[in-house]
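Please take a moment to look over the chains before reading on, and keep the picture at hand while the paragraphs below lead you from one part to another.

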Amino acid sequence: MMDCDKFRSNFSSYLDGELSTEQRKALDTHFTVCPSCQEIFRQMRIIQQSLKQLPQISSSPDFEQRLRQQIFNSEKRAQIIPFQFQNWKLPAMGSAIVLATLGLFFVFNNTTDTSQIPVNSPASTQISVGKSSTGGGQALPSQSGKTTLIPDSSRNDTSGIKQEGFLQVGGNQ
Amino acid sequence: MITKVKDRKKATVTDEQLIARFQQGDVQAFDILVRRYKDQLLNFVYRFVGNRTDAEDIVQETFLRVYKNKHYYKEIAKFSTWVYTIAGNLAKTELRRRKRHKIFSVSNFVNEERDFDIPDKEHGPDRKVDSTIQEDIIQKAIEKLPAKFKEVIILRDIQGFAYEEISQILNIPLGTVKSRVNRGRLKLQEDLKFLYENEPKGAN
């Protein structure tokens with residue numbers, strides 16, 4: 001049986017004329033003593049013949065015309081977008097990065113409680129700064145760990161503070 | 001006389017010479033390559049995906065890629081190897097796409113039989129119905145094979161490629177090609193018993 005497995009692994013090569021003379025002779029000898037292998041080999045030969053005889057199909061008459069049209073379209077597209085940028089992955093990745101950045105921006109922006117800040121007040125501008133030593137707002141750490149400027153209602157000069165003033169003190173945490 | 005000599009010359013132009021000409025801007029050389037390969041590629045892909053329309057689309061895409069990537073071809077490989085590799089990869093991608101689609105498709109939950117392709121009319125209307133049914137059963141058995149066996153069986157038994165060429169097209173060792181052809185044929189034998197059960201024994 002072990003021998004049979006070894007011989008059977010060579011059936012295809014035998015059919016395709018890929019065996020050496022010695023291997024071929026060994027298989028022929030084996031067939032004379034093993035009807036089971038002989039039968040499997042006969043079946044394989046029939047299957048192979050049937051595959052060879054499968055009818056061929058032909059391309060449709062407008063195949064070349066359609067191909068020319070496709071080439072024309074792709075060249076036209078290439079004039080607008082170069083071939084290397086026609087790959088969908090690149091713009092998709094770019095869009096994903098832009099969306100992720102925008103998403104993060106909005107998420108972090110929403111962590112600030114905007115209800116405290118009067119609308120239309122110049123001091124309502126939120127700036128992430130480490131410390132503010134000047135200006136009319138107090139620098140308070142928010143829940144997210146970011147410092148948010150809120151107007152100090154006890155002072156009268158709140159409305160006079162300009163955004164530039166805050167920007168100057170920003171970044172010294 | 002001159003035309004005849006010219007024609008003979010044309011006929012002996014190799015694929016590699018044609019692609020070299022195309023790389024230098026001769027679009028006519030590309031047209032000749034398309035005419036040479038469109039039908040054999042179509043048959044290869046058709047046996048792979050089992051659907052004529054999809055097969056034509058894949059062959060169109062194959063040539064489009066040849067056109068766009070002509071400079072990627074290097075003469076270290078035969079043109080046929082290159083173009084078959086492209087077509088084979090596209091066919092495999094199509095099968096993977098279908099598999100994904102099948103997983104999520106509603107038809108997965110409905111007992112739906114695969115639709116039959118219209119028999120090829122080019123082989124004459126008087127063709128035996130028996131033979132059409134037989135072809136269909138063989139085609140289904142091929143489609144049922146795992147892709148790694150299917151590709152070698154089609155390339156070897158239907159397209160007639162040598163083992164060495166198959167090894168280059170699929171980029172796998174020669175020994176792997178041999179064992180896959182053997183195992184693929186043995187697998188087909190299980191599904192195509194009717195082909196040999198009626199044959200007289202001792203016919204080999």
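Helices (H or I, at least four residues) and strands (E, at least two) are DSSP runs that are numbered from the N terminus. In these terms, A:F106 belongs to helix α6 of chain A, which covers residues 89-110. The structure is a predicted model, in which local features need pLDDT of at least 70 and side-chain atom pairs count only at pLDDT 80 or more, while totals for chains, interfaces and linings use all residues. Residues are numbered from 1 along each chain as its sequence is written, chains are lettered from A and ligands numbered from 1 in the order in which they are written, and side-chain values use heavy atoms, with hydrogens and water left out.

Chain A as a whole has seven helices and two strands, and from the N terminus on its elements follow the order α-α-α-α-α-α-β-β-α. A residue is called buried under 20% relative accessible area, exposed over 50%, and partly exposed in between (1.4 Å probe, protein chains only). Of the 173 residues of chain A, 32% count as buried.

To return to A:F106, this residue counts as partly exposed because its relative accessibility is 48%. Together with A:V98, A:L99, A:L102 and A:F105, A:F106 makes a nonpolar surface patch of about 520 Å². Patches are made of residues with over 30% relative accessible area and no salt bridge, where like charges are joined within 9 Å and nonpolar side chains (Val, Leu, Ile, Met, Phe, Trp, Tyr) within 5 Å. The areas come from the Shrake-Rupley method with a 1.4 Å probe, and for residues only the protein chains shown count as cover.

We turn now to aromatic rings. Rings of Phe, Tyr and Trp (its six-membered ring) pair if their centres lie within 6.5 Å, and planes under 30 degrees apart count as stacked, over 60 as edge-to-face and the rest as tilted. A search of the whole structure finds 17 aromatic pairs over all chains. One of them is the tilted pair of A:F11 and A:F31, with 5.7 Å from centre to centre and 50° between the planes. This pair links distant parts of the chain, since A:F11 lies in helix α2 (residues 11-15) and A:F31 in helix α3 (residues 21-33) of chain A, 20 residues apart. A:F11 counts as buried because its relative accessible area is 0%, and A:F31, at 8%, is buried as well. A:Y14 and A:F41 form a tilted pair too, at 5.1 Å centre to centre and 35° between the planes. A:Y14 lies in helix α2 and A:F41 in helix α4 (residues 35-52) of chain A, so the pair ties together parts that are 27 residues apart in sequence. The four residues A:F11, A:Y14, A:F31 and A:F41 form one aromatic cluster.

Which residues does A:D16 meet in chain B? A salt bridge is a side-chain nitrogen of Lys or Arg within 4 Å of a carboxyl oxygen of Asp or Glu. The side chain of A:D16 forms a salt bridge with that of B:R156, at 3.3 Å from N to O. This pair crosses between chains, from the loop between α2 and α3 of chain A to helix α7 (residues 147-158) of chain B. A:D16 also forms a salt bridge with B:R185, where the closest N and O atoms are 3.1 Å apart. B:R185 lies in helix α9 (residues 174-191) of chain B, so this pair joins two chains. A:D16 counts as buried because its relative accessibility is 13%.
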